[in-house]
Amino acid sequence: MIKIPYFSALSTYFSFGLLFVFGHVRDFFRNIFDFFHSSNLQGYAPICSGQEDFYVRRYYHRIQDCFGRPISSAPDVWFDIVHRYSNDNNKTMKRTSKVTRCLNLGSYNYLGFAAADEYCTPRVIETLNRFSPSTCSPRVDGGTTTLHKELEESVANFVGKPAAIVFGMGYATNAATLPVLIGKGGLIVSDSLNHSSIINGARGSGATIRVFQHNTPSHLEEVLRQHIAEGQPRTHRPWKKIVVLVEGIYSMEGELCKLPEIVAVCKKYKAYVYLDEAHSIGAVGQTGKGVCELLGVDTADVDVMMGTFTKSFGSCGGYIAGSKELIQYLQYTSPAHLYATSISPPAAQQIISSIRVILGEDGSGRGAEKLARIRENSNFFRSELQKMGFEVIGDYDSPVISIMLYNPAKIPAFSRECLKQNVRSY
């Protein structure tokens, strides 16, 4: 992480403080005016209190036009953006007929599979005609097709694990899996910058949660040593299970996980490693197999490997890969497997086909070319931004490139100027 300049930090805090103060002043006068108007709630409590939606009303609405820009084409290198306008200070946005062709710098379509592909698209269309758009059922009822079994075998072979289970939603893969892997009496040690899905899954588990400094193995060791010595709260009994949660590439920072050091610490203290590869699987490594391949870590040393299909594979859903016993246990207990609708057959076929392209099983070298291109483009783009004076965080070889703007006024100004130059960024 880069060190924030003193002036940038001061001006940023001042700007957010100014927004906060003036927001509360406006709320104060609004409450006075509302007091003299009749309420339509008729005894009901407001569904959102003033504090709960304060951020949305007083900050997000000001820059809403920078985020909710409808897309009217596939998320390819170039795509079409529909313009919108507002007559009420961005509280509501209305569509126009104006469409702009923009360079896509805000998509997770790392390898370009989300657009039409000469190998994947015909097979997806064939699957759509054969299986229909949806199974309309959970996996345990009528939601398991031959494609789902083939997909799970392909994913397990691709990531280097004995077995895998797939889910229809990437976010739910973390949120629904963690509560069945660990519960009360267990200890979760989570990276401070882990994704929201990991945080919600950890909270839903009922386990004790402790946080270690972002990507700092030495602090992870301190936290593990301290809490193993202390044991469970009040009873001081030994922990039933200890799980360390990390990401392969952190989605907001673009940093690679210090996986070899973290695995070494977890081995020392007999803690399980849960690795979220949502942004690294299919995007990094010599053959696209993620941070384990890139950093030289044996997949046998990572107990639970999680990933999503929404980035490199141009589809939807997520997976958990691990031992056969682990996957069988999840098949019997995971609510995302038991109750949620299974991943659609065309989406499953898209993943299978894209994996084949990445591995070169389609008979061409396009997979290797795509991997080389995403790596070279990311590194070139990062280095050129740094030469221009931007403060860019993250590591080389990472497809996630974050630019620090600091001041909240710069965020909408930067986004709107990019749109004027036919560039779409987040």
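Reader: Which residue forms a salt bridge with Glu 150, and how far apart are the closest N and O atoms?

Author: In this predicted model, the partner of Glu 150 is Arg 356. Glu 150 belongs to helix α4 (residues 146-159) and Arg 356 to helix α12 (residues 345-359), so that the pair links distant parts of the chain, 206 residues apart. The closest N and O atoms of Glu 150 and Arg 356 are separated by 2.5 Å.

Reader: Is Arg 356 buried, partly exposed or exposed?

Author: Buried requires under 20% relative accessible area, and exposed requires over 50%. The relative accessibility of Arg 356 is 26%. Because this value falls between the two cut-offs, Arg 356 counts as partly exposed.

Reader: Which residue meets Glu 118 in a salt bridge?

Author: Glu 118 is located in the loop between β2 (94-104) and α3 (120-131), and its partner is 248 residues away, in helix α13 (residues 366-387). The N to O distance of this salt bridge is 3.8 Å, and the cut-off is 4 Å. The residue that meets Glu 118 is Arg 366.

Reader: Within that pair, is Glu 118 buried or exposed, and is Arg 366 buried or exposed?

Author: The cut-offs are under 20% for buried and over 50% for exposed. Glu 118 has 64% relative accessibility and therefore counts as exposed. Arg 366 has 16% relative accessibility and therefore counts as buried.

Reader: What is the N to O distance in the salt bridge of Lys 267 and Asp 301?

Author: Lys 267 lies in helix α8 (residues 259-268), whereas Asp 301 lies in the loop between α9 (291-295) and β8 (304-308), 34 residues apart. Lys 267 is partly exposed at 48% relative accessibility, and Asp 301 is partly exposed at 24%. Their side chains meet at an N to O distance of 3.1 Å.

Reader: Where does UniProt place the feature "transmembrane region", and what percentage of helix does the chain have over residues 6-25?

Author: The unreviewed UniProt entry places this feature at residues 6-25. In the model, the end C-alpha atoms of residues 6-25 are 28 Å apart.

Key:
Residues numbered from 1 in each chain as written. Predicted model: local features only at pLDDT ≥ 70, side-chain atom pairs only at ≥ 80, totals over all residues. Heavy atoms only, no water. UniProt positions renumbered as here; feature names shortened; annotations may be inferred. Helix = DSSP H or I, 4+ residues; strand = E, 2+ residues; numbered from the N terminus. Buried < 20%, exposed > 50% of the residue type's maximum accessible area, 1.4 Å probe, protein only.
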